[in-house]
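Work through the exercises below with the sequence and the model in view. Each task is followed by its solution in steps.

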Number of protein chains: 2
Amino acid sequence: MLSITCKTAIKATIYLASKLESEQKASIKEIAEYIDASEHTVGKMLQTLVKENIIKSAKGPSGGFFITASQTQLSVLKIVLAIDGEDRFNECGLGLSKCSSTHPCPIHNDYKIIRDGFKKICVENKIADLSVPFNKGVAFLMG
Amino acid sequence: MLSITCKTAIKATIYLASKLESEQKASIKEIAEYIDASEHTVGKMLQTLVKENIIKSAKGPSGGFFITASQTQLSVLKIVLAIDGEDRFNECGLGLSKCSSTHPCPIHNDYKIIRDGFKKICVENKIADLSVPFNKGVAFLMG
DNA sequence: ACAATAAAAGTATTTAAATACTTTTATTGT
DNA sequence: ACAATAAAAGTATTTAAATACTTTTATTGT
């Protein structure tokens, strides 16, 4: 449903949100280790999130990536749109190209419910909703 | 949700099912043209479907691919499993690796509903259900 | 028997996503 | 000022999926 990079982005963002209270910044290395992903992939992807104003970054010593309280109120959808784009929610489940509401394929309505349901999850869950303070454990983030 | 090849497989199978009544076989070329896909891709993929007994083939002049009445009673799931494999229905929506029913991530249950819903569509829809006799038009199959 | 046809099968290339590497820029603390 | 740090940015490689090409095998009709 989502690309690997997009899932990595969600994990990284949740990790940053879990550190919100501690006010600590996290380096690429730290994030990559925590979510068990490649440093290079994580670095590139974090740049995109910064550009889209989903997280913030600071260069130099004691720099790193972090998220603000207001940014944790953004929906998960924002991350998905930033990394995977909007098309993710507009495909026919069976790939029937001419499928649309005016010319529906046999499972059009069944699938629309599923697709819209997934989008709803992304819209209704804020980044903060998926995070728990660091001390409560974010074990489910680790591979 | 499904790979391009898997969607192509579904389209091709529906096309064959739409020709069931006419008892005509279809060549790779004909199928590829109809569903607007590459002949090579379609050829390879049809081989897989034949091996998995989802469709049948005949070599030689007046040969080609076809589907039997009993095969049209197979579920769409069979095609998905043959091409994409079972893993397609076992991933956490957000890629949270340690996510499971005993250790659920925050959206585990919401997403499970979605994922299971999609699988249900694949299980409950027979190939025959997605097909209409050729003369009724299969316009939605074309790109 | 033989030519024609069409799938089967094997191999090669292309493409896009993911991953890896290198250089540059900005910031900090001394 | 300068050394150290860490992200930003640019480029290169790897990987897997998709697509392309070639040869072989089976079947049919003459």
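**Exercise 1.** Determine whether A:Ile121 is buried or exposed.

Solution. Take the cut-offs: buried means under 20% relative accessible area, exposed over 50%, and partly exposed in between (1.4 Å probe, protein chains only). A:Ile121 has a relative accessible area of 9%, so this residue is buried.

The model is predicted: local features need pLDDT of at least 70, side-chain atom pairs count only at pLDDT 80 or more, and totals for chains, interfaces and linings use all residues. Residues are numbered from 1 along each chain as its sequence is written, chains are lettered from A and ligands numbered from 1 in the order in which they are written, and side-chain values use heavy atoms, with hydrogens and water left out.

**Exercise 2.** State which elements chain A has and in what order they run.

Solution. Count by type: chain A has six helices and two strands. Read from the N terminus, their order is α-α-α-β-β-α-α-α. As for burial, 45% of the 143 residues of chain A count as buried.

**Exercise 3.** Classify the ring pair of A:Tyr15 and A:Tyr34.

Solution. Rings of Phe, Tyr and Trp (its six-membered ring) pair if their centres lie within 6.5 Å; planes under 30 degrees apart count as stacked, over 60 as edge-to-face and the rest as tilted. This rule gives two aromatic pairs over all chains. The centres of A:Tyr15 and A:Tyr34 are 4.6 Å apart and the planes stand at 25°, so the pair is stacked. A:Tyr15 lies in helix α1 (residues 4-18) of chain A and A:Tyr34 in helix α2 (residues 28-35) of chain A, so the pair ties together parts 19 residues apart in sequence. A:Tyr15 is buried at 2% relative accessible area, while A:Tyr34, at 22%, is partly exposed.

**Exercise 4.** Classify the ring pair of B:Tyr15 and B:Tyr34.

Solution. The centres are 4.6 Å apart and the planes at 25°, so B:Tyr15 and B:Tyr34 are stacked. B:Tyr15 sits in helix α1 (residues 4-18) of chain B and B:Tyr34 in helix α2 (residues 28-35) of chain B. B:Tyr15, at 2% relative accessibility, is buried; B:Tyr34, at 21%, is partly exposed.

Notes. Helices (H or I, at least four residues) and strands (E, at least two) are DSSP runs, numbered from the N terminus.
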